[in-house]
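Open the model in your viewer and keep the selection tool at hand. This tour moves from stop to stop, saying what to select and what is there.

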Amino acid sequence: KKIVVLISGQGTNLQAIMDACKAGKINAQVAAVISNKADAYGLIRAKNSGIPTAVFERKNYADNSQMDRAISDYIDGIAADLIVLAGYMKILTAGFTRHFAGKILNIHPSLLPKYPGLNTYQKAIEAGDSEHGTTVHFVNEKMDGGAVILQAKVPIFPDDRIEDVEERVKIQELQIYPLVVKWFVDGRLKEAGGKAYLDGQLL
Ligand code: GRF
């Protein structure tokens with residue numbers, strides 16, 4: 001199976017997925033890494049692993065739809081089985097999400113449906129929450145709105161700073177994202193009617 005990963009930055013989740021593929025834990029290959037930022041560190045990680053990269057910058061396209069069309073044409077050329085968003089910080093157009101319906105995963109650092117969008121750590125701390133976490137979900141046209149697949153929770157302690165909670169959440173992300181990718185690659189995970197199923201059971 002072929003996976004394409006979309007990034008904008010560090011690429012620690014990308015690294016975890018590449019490592020799991022290389023180790024044979026996920027029965028697939030990362031066929032390409034796509035970034036909307038030319039300076040994303042994740043591109044260096046991909047090159048270090050010998051994986052092809054492609055950069056699509058918004059400034060080179062008339063609008064978001066044309067940019068996403070270029071990306072989807074590239075992915076179609078690879079015939080990818082799965083698209084993994086790993087810190088891709090741009091909202092995909094409905095044309096893109098519909099074209100790849102049921103084949104796009106995202107990881108978002110909150111316990112969705114709580115705190116979609118940006119600055120989730122700050123929001124959780126300011127709200128006085130005692131826990132935070134991360135969510136892997138299918139992607140549809142609503143930002144951070146697709147069917148939830150798996151979440152991991154971490155505590156927030158009274159004197160925590162953003163970085164403390166972020167570090168705790170990150171550790172969990174690097175565990176759960178490769179696991180969900182493996183489920184998908186093994187054909188155990190499906191999306192239907194806006195819901196997620198594992199081994200035929202509603203999640
Ligand atoms: C992750 O925390 C993910 O939840 C969010 O963006 C971050 C990406 O980190 N969507 P990295 O680029 O994988 O290191």
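**Stop 1: the binding-site entry**

UniProt places the feature "binding site" here, in an unreviewed entry. UniProt positions follow the numbering used here, feature names are shortened, and annotations may be inferred rather than shown by experiment. Residues are numbered from 1 along each chain as its sequence is written. The model is predicted: local features need pLDDT of at least 70, side-chain atom pairs count only at pLDDT 80 or more, and totals for chains, interfaces and linings use all residues.

Now take Thr12 alone. Thr12 lies in helix α1. (Helices, H or I of at least four residues, and strands, E of at least two, are DSSP runs numbered from the N terminus.) Is Thr12 buried or exposed, or partly exposed? With 18 C-beta neighbours inside 10 Å, Thr12 counts as partly exposed. The cut-offs: a residue is buried if 20 or more other C-beta atoms lie within 10 Å of its own, exposed if 12 or fewer, and partly exposed in between, with C-beta atoms placed from the backbone. Thr12 touches Lys170 and Leu174, not counting residues up to four places away in sequence. Contact here means that the C-beta atoms, placed from the backbone, lie within 7 Å.

Step to Asn13, also in helix α1. Asn13 has 25 C-beta neighbours inside 10 Å, so it counts as buried. Leaving aside neighbours within four places in sequence, Asn13 is in contact with Ala86, Gly87, Ile107, Glu173, Leu174 and Tyr177.

**Stop 2: the seven-stranded sheet**

Select residues 12-22, helix α1. This helix lies across β1, β2 (29-35), β4 and β5 (104-108), and runs at about 165° to β2. Axes are lines fitted to C-alpha atoms, for helices over the stretch in contact, and angles run from 0 to 180 degrees between N-to-C directions.

Now show the strands. Seven of them form an open sheet in the order β3-β2-β1-β4-β5-β6-β7, with mixed pairing. Two strands pair if DSSP finds at least two bridges between them. Which strands stand at the edges? They are β3 (53-55) and β7 (148-155), each pairing on one side only. Neighbouring strands of this sheet are turned by 20° against each other on average, direction ignored.

Pick out β1 (residues 2-7) and β4 (residues 82-85). They run parallel and are joined by four bridges. Ile3 stands opposite Leu82 in β4.

**Stop 3: the active-site entry**

Select His108. UniProt lists His108 for "active site", again in an unreviewed entry. His108 is found in strand β5. His108 is buried, with 24 other C-beta atoms within 10 Å. Beyond its neighbours within four places in sequence, His108 is in contact with Thr134, Thr135, His137 and Asp144.

**Stop 4**

Go to helix α2 (residues 41-48). Here Gly42, Leu43, Arg45 and Ala46 are buried. They cover an arc of only 155° around the axis, which puts them on the same side of α2. The arc is that of the directions from the helix axis to the C-beta atoms. The buried residues of α2 pack against β1, α1, β2 and β3. Turned away from them are the exposed residues Ile44, Lys47 and Asn48. Just after α2, Gly50 takes a positive phi of about 70°.

Next, select residues 64-78, helix α3. Which residues of α3 are buried? Met67, Asp68, Ile71 and Ile75 are. Seen down the axis of α3, they fall within an arc of 95°, so they line one face of the helix. An α-helix has 3.6 residues a turn, so residues three or four places apart point the same way. The buried residues of α3 pack against β1, β2, β4 and α4 (94-99). On the other side, Asp73, Asp76 and Gly77 are exposed.

**Stop 5: the three-stranded sheet**

Finally, find the open antiparallel sheet of three strands, in the order β8-β9-β10. β8 (189-192) and β10 (201-202) each have a single partner strand, so one side of each is left without a neighbour in the sheet.

Start with the hairpin of β8 and β9. Two residues separate the strands, and Gly193 in the turn has a positive phi of about 55°. Glu191 stands opposite Ala196 in β9. Then move to the hairpin of β9 and β10. It too has two residues between the strands, and Asp199 takes a positive phi near 50°. The bridge partner of Leu198 is Gln201 in β10.

How values were computed: Contact = placed C-beta atoms within 7 Å. Expected span 1.5 Å × (residues − 1).
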